[in-house]
Amino acid sequence: MYAVVTLEESEEVMVTASNWLSEDKKQCYWPPYKSSEKFIEAVQKGLAPQTGEKSWEKLAVLFHEEYGTYEEAKEKQKELNEQTEQAATAVNQVTETCPLFPGPSLGFSQNASGSKVFSIAVLAGTTLEIQGTKRKRESRDLNISAKSNSEMAILNMAKKKMNEVNVRLQNISSTDRTTNELKNTILDAIAKINEMEKDKRRKETIGVFGKTGEGKSSLLNAVLGLEGLLPSGSLGACTAVITQVEANLEDSEYKAEIELISKEEWEREIASKDERTDTDNERIIAVYGADADKKSLEELKKDAKYAEIDHFLSAGKKIISHTEVFDFLHDVKRNIEQSEYNPGGWYWPLVKSVTIKIPDRQELLEHIVLFDVPGTGDCNKIRNDLWKSKVRECSSVWIVNGINRAISSIEPWSIMEHCMQDLGPGGQCKTINFICTRTDDINIKEYQRSARPSGDQFTSGKNLKTACIHHRNKTAKDSVKNKFETMKSKDFRRFTADVFTVSSKAYFDADLQMDQNETEIPKLQDLLKNTNKSIRRELTRDYVNQAKGVLFFIQSIKLDTNEGMAKLKATVCKDYYESLEKALKELNSQFNSHYKIIEQCFSKGVEKSVEQCVSTTKPVIASVKPSDKTLQALCKNKGYYWPKNKDAPVDLNKCLAKHIYENIDEEFNLIFPVDSKIKTGKSVQEQIDKFSIIQNGTVYAPSSMLYHIQNFMKTEETKVKTFLKSDVVQRKINIYSLIQTTIQDQMTAGYKKAAEKRGLGAMGKRETTIIETIELLKDSMFKDAKIQFLKEFKSVTNYIGKTLKTELSKSVERSFSQSSKASLMDVSTEIETLETLSEHIAEI
Ligand SMILES: Nc1nc2c(ncn2[C@@H]2O[C@H](COP(=O)(O)OP(=O)(O)OP(=O)(O)O)[C@@H](O)[C@H]2O)c(=O)[nH]1
Ligand SMILES: [Mg+2]
């Protein structure tokens, strides 16, 4: 067996043989070897202590854990060392702003001005003279002022404290069953919060949208500092598949996970030669080669290429992995790129989704997912659905457009208009950034002629070019901001918006002689870094809160020694339950009044929909009429189709839901604002924030058991509220989407019937069938949407109440039911440390 310990004197984390540990695991025999090889050999062999001529020292240690294999123990050692290093890195980042301060190696002290300063020992310049025994270290005490950016240091400090508590708990040996049960409950709780902290799934999604060729992929490459990571469109090529980019936090490989459509889906799409749209034909040519579009499915099946593609699709999923970007791009390209060249070698039509994971970009991508969304044009049912669901996932959107046409082009704005429902009430988007690309691309003479910039700065040479670029950047920024302000859509103004003027090309190309900051790529990188930091801060806050909860719980046990305490506890416990019931009642009544308001709005929407749905839908169908294949595709796709080269898709279900949206959106946004920080006075989040079972004004002496129980309850409340916060967002997206899905479900049979119309006058027959279906269903369809929507609304509010009730009842029960009469351990200093960490995390 092997043990992982921290040497108390040097704070070095080491792997030792378990048989070198004393019984209480507080000391460890240490061999006198100078060579590290010899030391490792002794550990691996588990040499008996005092073997050899020289005597072995006994060192004070902090025991962590034991493992069956040496490798497992080394893994743990690595993990603990990484935690210390991260703390050191975070602290080093603030050394320039923080003066060196002599203080205790861990803990808090007062600085000259009397404010609290958190100081942490950073070990530097370690030199091993004799393996493990004498370490010369320079120990620097560094201060983290309350304002400094040190969430990593705070997290690591909290983790270290909890680690120590864990070790102390494990070392408690008792024959008392209750004590052992308590001990295990607490150990479980610590293990859970450590798991939670390791959970890297908390992500913010940024969707990058824009017309084809405007520079989205190039922009992402520049922001990630990886030229050529995503294929960018030279030689008429462009991105054809929604590509998700995230960090590879596991190893140093570039990885692509490519999910393919099924063989059946592909065959269905290309089956009927006569019904293929231009897009279908384009896909067939890309996969099988020139003229393949002229062949029927049976004819295609005779080609060797068909068997190759059949085999390719049978895998279902494809993984590509390389250590070099260049090799990676080479292999990934044909799966996500579309090109008119070399028809017959491209896989993009067969790809459902692609996730690219890149190493060494933790600072930029740790908690961020970027979506490179292809410019409009391609469409199939699977990807249309994917497109919608991806839009709903975005917490931020970057609209990319060439600076030359930043204002004049209407595409990005119409994409935005089209997405508004899925970004706002139906999604979770908080920010829209407009990114004007290709700022380096300027014809000076032309620009001077058209823009007529005036002033002394327009001299000659490089300065003239720079001046023109700056002038154009500023003009574009002002104009886009202006457009944001004057956008008619009220919905648009709900988002936080900013404008960037970037050059992805100049970021990599020094010959273009643009200062890196002038390219504004660093600004976007900062945006990502800050998002990561704020998520790390949230995770740290959650960790510290939950760690405090565990400590308060431990401390309340220690103080549960008084004879008269049982009575008092019973009374206070009853108070908590009563308070919980009261708070739930209040919450329920708030939710009921929300329900009534939204029900009224919905009813108005239903009324208007019944009256006007036919006249609202007719012009939309008429807009696709010129091409019969488009109308047919629309019917085959359950009322949704994105014709090639159109700015936005045709969406009949959305159009049918229009009057409902008009009537409910405002109220819905007040109840579920996209940003939970926005106070609307009506938001569900505000009701959850307000919810508390702790009576205002009840103050206990800081050393009393009830004080610790109260604090434990506070941390439990915060924990359940944090959990609900992200859950509520997902559920509200679901509520909203029910409007369209209910309409779509009801209309599906009608769409199918319309798609089946053939022969002379099929176009008119399809149109008539759709209109007849709407006429037939209008009295039930919208009402049904209302029923589904309100049912889900009720279910969400019930769920919130139920979760608060269940979780907090459990917490009250846990804190009052334990009946240990013996003290478990004293963690008052740890509580003090974590309280101060809490204050710090609240301030940064
Ligand atoms: N001069 C200049 N050219 C750029 C810049 N960014 C992109 N380009 C060029 O613009 C073309 C299109 O760039 P992409 O990044 O492929 O555009 P995209 O928006 O991803 O296009 P799709 O994938 O079709 O949606 C390429 O030839 C790029 O080299 C820039 O900052 N300056
Ligand atoms: Mg692209």
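Me: What does the protein have in the way of helices and strands?
Reply: This predicted model has 24 helices and 20 strands.

Me: How much of the protein counts as buried?
Reply: The protein has 844 residues, and 52% of them count as buried.

Me: And the accessible surface, how big is that?
Reply: The accessible surface comes to about 39100 Å². Carbon and sulfur atoms account for 49% of that surface.

Me: What about contacts between residues at least 6 apart in sequence? How many join residues at least 24 apart?
Reply: The share is 78%.

Me: Which backbone atoms lie by an oxygen atom of ligand 1?
Reply: A backbone N or O atom of Ser217 is 3.0 Å from a ligand 1 oxygen. For Glu214, a backbone N or O atom lies 3.3 Å from an oxygen of ligand 1. Ser504 also has a polar backbone atom, 2.9 Å from a ligand 1 oxygen.

Me: So how much of ligand 1 does the protein bury?
Reply: The protein buries 87% of the 650 Å² that ligand 1 exposes when taken alone.

Me: Let's move to Asp280. Where is that found?
Reply: Asp280 sits in helix 7, which covers residues 278-288.

Me: Is Asp280 buried or exposed, and why?
Reply: Asp280 counts as buried because its relative accessibility is 12%, and the cut-off for buried is under 20%.

Me: What does Asp280 touch?
Reply: Asp280 touches Glu269 and Glu275, leaving out residues up to four places away in sequence.

Me: Last one, helix 24. How far does helix 24 reach?
Reply: Helix 24 covers residues 828-843, 16 residues in total. From first C-alpha to last, helix 24 reaches 23 Å. That is close to the 22 Å expected at 1.5 Å a residue.

Me: Which residues are buried in helix 24?
Reply: Glu830, Ile831, Thr833, Leu834, Thr836, Leu837, Ser838, His840 and Ile841 are buried there.

Me: Why would residues three or four places apart point the same way?
Reply: An α-helix has 3.6 residues a turn, so residues with that spacing point the same way.

Note on methods. Residues are numbered from 1 along each chain as its sequence is written. Chains are lettered from A and ligands numbered from 1 in the order in which they are written. This is a predicted model: local features need pLDDT of at least 70, side-chain atom pairs count only at pLDDT 80 or more; totals for chains, interfaces and linings use all residues. Side-chain values use heavy atoms; hydrogens and water are left out. Helices (H or I, at least four residues) and strands (E, at least two) are DSSP runs, numbered from the N terminus. Buried means under 20% relative accessible area, exposed over 50%, partly exposed in between (1.4 Å probe, protein chains only). Contact means heavy atoms within 4.5 Å. The expected span of a helix is 1.5 Å times one less than its number of residues. A polar contact is a pair of N or O atoms within 3.5 Å; within protein, one must be able to donate a hydrogen and the other to accept it, and residues adjacent in sequence count only if both atoms are side-chain atoms. Accessible areas come from the Shrake-Rupley method with a 1.4 Å probe; for residues, only the protein chains shown count as cover.
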